[in-house]
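Here is a short briefing on one protein chain. Look at the structure first, then work through the points below.

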Amino acid sequence: MRIYKLLRKMTKIKTISAIICCQLLITGCKKEEKKVTPQETNIIKDSVKMTKAEDRIDYTNFNIFSLSTISSAEKDSDADIFISVSDIYKGVQPIPAEIVNNQKQMSFEELQHFELDAPSRKKLLEGIHLTENDSLYIYRYDRNKLEKMPVSQLKAVAYLSPYSDSEEVDPESYMMGFQVATHQKMADDGLYNNAIAYFGNKNPFVENKMKAVKWQKAGADISERYFITRSKLNMGKTYQSKYENMTYYLQDYLEEQNVVERRLVVINNHQEKIAEKTFSLAASDGGEFLPLYGIETDEANIFQWTGHLFKGKPPVIFGFIAYSFGCPSITFLDKNEKNFPINCDNRH
């Protein structure tokens, strides 16, 4: 139930600049116009896309979610697509009282999945600060497909967590959220692997600006130029990739021949370092590095993605670590921007 599945888990700014070519008219004086070549314009072009005022998104208390594939209770070959909002819901889960009180008379199938009644649905919406007038936006960035669904048309549902092993089910045993689709073929359960979701009154996603990061080996000079030697770790292989006017360099750091850390440096066309990020297994609590597309895996299993994803924000990159506990984050290629965690309800 993560945005990434490690090989299906074998079952998840260019600096802001603008070129203004104009003539400055001053009384009795006309300055010569500076010519800018198309090549110069292309090099200094904005990476942070300007957003119309009506499209600007309030990123205060901003939440994004992964989509989960849950086997259907009615048919093993079918699955439901579901978004859990339990990660951001505060308080006791809004389970209908009759479920809690009558569970001994209910079958496991009845307890496993049910739609919330009207009072419980209202409580869920209030707890995550949504209204029936809001919408669900799902962006499948690998296919550049944006789906919009009114919240009022979504079923508010509860699914029993697969990690629940208590004989007596309590409200905290449930994943609470919204059903996106039902009776999807299990063979197609990867349709929402490369997708994120957002609830609100505006679409926050930039469309058609994401691409897979395809890596290739970089020379030893790159390692010496951009990466430092770590006292307790050995330097491993170095990789590179390209997006618009940015070059990405990725350095492996080894402990006993195992990759335990990867460091990313992003350079623009002016040879300026615009971002530097570290991805470490030490901070992932049981995580594993995902394979690198172009080096360790092919197009069938692409995990690293980059590009413009959020309106008014710098480009992003993500997909380096598969988490056993906790959820992944989306990293911005800007030292002043904090990561966006992806709510994935990864409970054990």
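Buried means under 20% relative accessible area, exposed means over 50%, and partly exposed lies in between (1.4 Å probe, protein chains only). Asn268 is buried, because its relative accessible area is 3%. This is a predicted model: local features need pLDDT of at least 70, side-chain atom pairs count only at pLDDT 80 or more, and totals for chains, interfaces and linings use all residues. Residues are numbered from 1 along each chain as its sequence is written, and side-chain values use heavy atoms, with hydrogens and water left out.

**Confidence**

- pLDDT is the predictor's confidence in each residue, from 0 to 100.
- The chain has a mean pLDDT of 83, and 80% of its residues reach 70 or more.
- Over residues 1–49, pLDDT stays under 50. The model has 108 contacts beyond four places in sequence for these residues; a contact means heavy atoms within 4.5 Å.

- Asn268 sits in strand S16 (residues 258–268). Helices (H or I, at least four residues) and strands (E, at least two) are DSSP runs, numbered from the N terminus.
- The side chains of Asn268 and Glu272 are joined by a polar contact of 2.8 Å.
- Asp345 lies in the segment after strand S23 (340–343). Asp345 is buried, with a relative accessible area of 3%.
- The side chain of Asp345 makes a polar contact of 2.8 Å with the side chain of Arg347.

- Leu111 belongs to helix H3 (residues 108–112).
- Why does Leu111 count as buried? Its relative accessibility is 8%.
- Which residues does Leu111 contact, leaving aside its neighbours within four places in sequence? They are Ile99, Gln103, Met106, Leu160 and Tyr174.
- Tyr174 is 63 residues from Leu111 in sequence. C-alpha to C-alpha, the two are 9.7 Å apart in space.

Note on methods:
Polar contact = N/O pair within 3.5 Å; in protein donor to acceptor, adjacent residues only side chain to side chain.
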